[in-house]
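Open the model in your viewer and keep the selection tool at hand. The stops below go from one selection to the next.

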Amino acid sequence: MSKSNKDEIILKGIAASPGVAQGLVYHLLQVEIEIPSYYIDDDKKQFERDRLEKALLETRRQITTVRNEIADKLGEDEARIFDAHLLVLEDNALIDETMHELDSSNLNIEFCYHKAASRYIDAFVHIDDEYLKERVSDLRDVTKRVLENLVGETKILNSSHTEGKVIVSTDLTPSDAATIGKSKVGGIATNLGSRNSHAIIMARSLDIPAVIGLHDITDRVQSDDYVLINGYDGILIINPSESSLERYGKIKREKESIERVYKDERKLAAISIDGHSISILANIDGSEDFNSIKDLGSRGVGLFRTESIFLRDNKFPSEEDQFQIYRKVVEAYNDSFVIIRTIDLGGDKIMQTDFFEHKEENPFMGFRAIRFCLEHTNIFKDQLRAILRASVFGNIKIMYPFINDKEELIAANNILDEAKDELRTRGVSFNEHILVGSMIELPSAVFCADDLAEHCSFFSIGTNDLIQYILAVDRVNDKVSHIYKPNHPAVLRAIKIILDAGKNKNIPVGVCGEMAGDPLFVPLLFGMGVNELSMTANAIPQVNYIIRNIKYSDAVKLAGKVLNMNNANEIFKLLMHFYSSNIESLINASIDHDNK
Ligand code: PEP
Ligand code: MG
């Protein structure tokens, strides 16, 4: 028997974040938007009018895109409904009424638009005319889109209603992820998505099981349906039967015993059987409870994704606010170091501000990260001064994302020098010897790594982006996720080039992309000579266990073999074989022993 009397339905998607969860569905598309209401001064009214205009333009663009897709796939007749939507969108009467409401009430524009649209909908509902009644649903659709664009998606995901529930959505944006971070979500299931999107990386770091690529899960379930998700194998079960609940309960318990084996050793140093060590660090976004992630065995931070601070509140925090945050992190890690990455906004990490007003055709190749900072130097310098000020409270290193050539690195360093001068003028102290590193995540940076090494003190390989650019495969597009292969020979050879450059110029090289915490790749990266592995804190106990239970000499042999291979699948098989013969067998033996 299932939790309800309905039949059980089993769906297969992509396993994106491990774990088993069960609970009621929280259907993101069916959630009503909460419309804020606040007072607007007369001199701010033009700003509100501009916001509405921008939201209308964005909605027009969205509707036109959907219209053209439908026309291509199903024909002009089917697409006509969206012409009706465009007419509703551009209806002057509704816009005039909204403006009138703004003038008379002095309330924010989304409130005024919502009020005017609700009046329209009410009036249409009561007219006895079939044609006009049909227009009500167009009106609802269009005004909802406009309101979503005005309010921003973050507001739709209400953290106080999601506790213990399985969030079901088409896809998740990084701003959704930021909201998920604040609540105790049970699990995540999406139609689309990729293991490497920032939302899913966030889910893994929060231990939230996730299954993605389920195609039409948003159509198959309603809010408050009961589902079970298995993030180990990418399974979602709607109306799970008692026997499924029991089976997955057992899987959960087995996985927990394995995790206990890892956790027993997590505080012991990451040194291989034959005495070779590697640093194991945490990737953070600043919202963590540092005591609990230190308890997982992280001995420092290899990547602090600072843009999360900006995305969480959708505003540019002041130098002082940032200083307080960086200081808290570095004080928590007072016995180690913290690598603070300067903001990597852009790509899929877009703030709803004028700075990102123009929707880009190709955001991952567009105006992001260091490109943004070199243009908006005031924002960049606010952050650099905040980091510098925090540097007297511990060991901070600065790292720039998305460096393309040495000119960018030099330009960033020059701005850092200006920030230092400004602090000197203010009489504020900072660590004069602070180290600066470059992320290597673009193919251009790989081939110029020797040149870059002349202008920085360390490298950190951002494999998430590096793979997407080397293989020309969008990291958040599930249609091409099967081509996204860390085990592709081109990716591994690129990593080797970076490591060689680091060795030649005597600077350490870390890896901070998802590959660093992937048990399959840990022995390989170790054997290739990577100095630091930085990962989501949850992965640390397992990675520590792997390093402690293999021989460095075996890892070096493995790396030698792999770098001579030219077939991704063969490489994958060899890595699997290494893992199962060195690690899996050991874990099984430990669990058997504990169970006796
Ligand atoms: C990377 O690209 O590997 C990386 C660590 O940066 P992010 O995932 O934040 O783009
Ligand atoms: Mg990156």
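Which side chain has an N or O atom 2.8 Å from an oxygen atom of ligand 1? Select R341: an N or O atom in its side chain lies at that distance, 2.8 Å, from a ligand 1 oxygen.

Before going on, some ground rules. This is a predicted model, in which local features need pLDDT of at least 70 and side-chain atom pairs count only at pLDDT 80 or more, while totals for chains, interfaces and linings use all residues. Residues are numbered from 1 along each chain as its sequence is written, chains are lettered from A and ligands numbered from 1 in the order in which they are written, and side-chain values use heavy atoms, with hydrogens and water left out.

**Stop 1: ligand 1**

Stay with ligand 1 and show what is around it. It is surrounded by 16 residues, and R305, R341, G462, N464 and R475 are the closest; a residue is near a molecule if one of its heavy atoms lies within 4 Å of it. Now pick out E441, which has a polar side-chain atom 3.0 Å from an oxygen atom of the ligand. Taken alone, ligand 1 exposes 290 Å², and the protein buries 100% of that. Accessible areas come from the Shrake-Rupley method with a 1.4 Å probe; for residues, only the protein chains shown count as cover.

**Stop 2: E307**

Select E307, in helix α11 (residues 307-313). Helices (H or I, at least four residues) and strands (E, at least two) are DSSP runs, numbered from the N terminus. Is E307 buried or exposed? E307 is buried, because its relative accessible area is 1%; buried means under 20%, exposed over 50%, and partly exposed in between (1.4 Å probe, protein chains only). Leaving out residues up to four places away in sequence, E307 touches R341, T342, I343, D344, L345 and K349. Contact here means heavy atoms within 4.5 Å.

**Stop 3: N413**

Move to N413 in helix α15 (residues 406-426). N413 counts as buried because its relative accessibility is 16%. Show the side chains of N413 and Y400: a polar contact of 2.9 Å joins them. A polar contact is a pair of N or O atoms within 3.5 Å; within protein, one must be able to donate a hydrogen and the other to accept it, and residues adjacent in sequence count only if both atoms are side-chain atoms. Apart from neighbours within four places in sequence, N413 is in contact with Y400, V436 and H455.

**Stop 4: helix α3**

Select residues 92-105, the 14 residues of helix α3. The end C-alpha atoms are 20 Å apart, which agrees with the 20 Å that they should span at 1.5 Å a residue. The expected span is 1.5 Å times one less than the number of residues. Which residues of α3 are buried? They are L94, I95, T98, M99, E101 and L102. They cover an arc of only 155 degrees around the axis, which puts them on the same side of α3. The arc is that of the directions from the helix axis to the C-beta atoms. An α-helix has 3.6 residues a turn, so residues three or four places apart point the same way. Turn to the other side of α3 and find N92, D96, H100 and S104, which are exposed.

Then look at both ends. At the start of α3, a side-chain oxygen of D91 comes within 2.9 Å of the backbone nitrogen of A93. N106 follows α3 and has a positive phi, near 55 degrees.

**Stop 5: helix α22**

Select residues 552-563, helix α22. Its buried residues are A555, L558, A559 and V562. They lie on the same side of α22, as they cover an arc of only 100 degrees around the axis. K557 and K561 are exposed on the other side.

**Stop 6: two loop residues**

H215 lies in the loop between β6 (210-212) and α8 (217-220). H215 has a positive phi of about 65 degrees although it is not a glycine, and it is exposed, with a relative accessible area of 61%. N239, in the loop between β8 (235-238) and α9, has a phi near 50 degrees, also positive in a residue other than glycine. N239 is buried, with a relative accessible area of 5%.

**Last stop: the whole chain**

Zoom out. The chain has 23 helices and 16 strands, and 52% of its 596 residues count as buried.
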